[in-house]
Amino acid sequence: MLNYLLERYIRQGTLTVIYPGGLTRTYGEGAPRVTARLHDRRAVFELGFNPDLKLGELYMDGRLSLEEGDIGQLLEILMSNLNVLGLSGWRLARRKLRCLFKVFSQFNPAGRAKEHVAHHYDLSGKLYDLFLDQDRQYSCAYFTDATRSLEAAQAAKKRHITAKLRLEEPDLSVLDIGCGWGGLALDLARGGASEVLGVTLSEEQFAIARARSAQAGLAERCKFDLIDYRALKGQFDRIVSVGMFEHVGVPYYREFFSKVRELLADNGVMLLHTIGRSDGPGATNAWIAKYIFPGGYAPALSEIVPVIERCGLMITDVEVLRLHYAKTLREWRRRFLSNWDKVAQIYDERFCRMWEFYLAGSEMAFRHDGHVVYQIQIAKRVDSLPLVRDYMLETPPESAARPRLRMV
């Protein structure tokens, strides 16, 4: 079965597979060139029967190893060819079945949501220090030019989001849903917001964000809470959510946007930044759902927009960031690989291979599998924002602060 699949699908790039017993077959032609070795006969069966799950598992467990090329190049060959030829037969049926049952895989009530967050975000803080920028921005950076560093691109991302929030008025309160380690919330407090509240379900992120706020002298204006957004009360002039919506789940979109409507002031503005699909609704990859983001799902725009409309909110702008996340993930993977030995000391070699597969696979999803990032600006009233969108294009250099900034 595996040989049949590879002969059918591999056209671009050269994949050589060394089967158990020494049989060697080559599929496709041209660059990149990858040679993979399967170490046991059961691995051949498992990979042919369920490649979406088993490719990552076999690589993690060392039952599939690479003798030429790396895992990123292997995934590039596989995903780019699937993008050209598409799925068919039983693989298409399996994918459609996952779509039908995604409501169960995205079961994210408050208690379960906290468990899912802990699975990924409550890992050792030392891990994230080894591949993220110093501000620990764990979402898509914004590359205004090809040579921009990760640090500069992450700073540009925060400025871009801040511009869309329109913090021009005095005494604005801001809610950051899914605040991570607090970097954006702290910047918003420095940049003019009179009161910022960041909420997260990650105990690790909460502790670090609160400590950072105190260290910056912003504890009175920039606060953090370990709480589910569904339990929040009050109203805010601005709401922002970056990289959190992927953990909500389609069955909870109405609950999410209904809560946003309740929390957003009448003249308020929200900015939602989320990974999405440009090719319509789908299902989370089986390996990603099992090992990296349980309960997670990157939605199509067609799954988000109708719910926003039904909840009485108005979409005022949509921007699609296409290859920005691919560039971000490539740099994360480069930094991770350079710190492989340090990560192995924290966890083990199997974890390193798992994380490498996750970063490489995610990058290729943005290059070859229709993944993008949506920035959706939302309001309640038609007159909450300027008539033209020029204000969103403010991109001052990192060294020059705007006059209205109050730096601490």
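Visitor: Why is D317 called buried?

Guide: D317 has a relative accessible area of 11%, and buried means under 20%, with exposed over 50% and partly exposed in between (1.4 Å probe, protein chains only). D317 therefore counts as buried. This is a predicted model, where local features need pLDDT of at least 70, side-chain atom pairs count only at pLDDT 80 or more, and totals for chains, interfaces and linings use all residues. Residues are numbered from 1 along each chain as its sequence is written, and side-chain values use heavy atoms, leaving out hydrogens and water.

Visitor: What makes the side chains of D317 and R389 a polar contact?

Guide: The distance is 2.9 Å. A polar contact is a pair of N or O atoms within 3.5 Å; within protein, one must be able to donate a hydrogen and the other to accept it, and residues adjacent in sequence count only if both atoms are side-chain atoms.

Visitor: Which residues is D317 in contact with, leaving aside neighbours within four places in sequence?

Guide: They are K164, Q375, I376, Q377, R389 and M392; contact means heavy atoms within 4.5 Å.

Visitor: Why does M1 count as exposed?

Guide: Its relative accessibility is 54%, and the cut-off for exposed is over 50%, so M1 counts as exposed. M1 also forms a nonpolar surface patch with F45 and F49.

Visitor: Which residues of the largest nonpolar core touch the most other members?

Guide: Y138, W287 and W355 do, in a core of 70 residues. Such a core is a set of buried Ala, Val, Leu, Ile, Met, Phe, Trp, Tyr and Cys residues joined through side-chain atoms within 4.5 Å.

Key
Patch = residues over 30% accessible without salt bridge, like charges linked within 9 Å, V, L, I, M, F, W, Y side chains within 5 Å. Areas by Shrake-Rupley, 256 points an atom, 1.4 Å probe, with all protein chains shown as cover. Salt bridge = Lys/Arg side-chain N within 4 Å of Asp/Glu carboxyl O.
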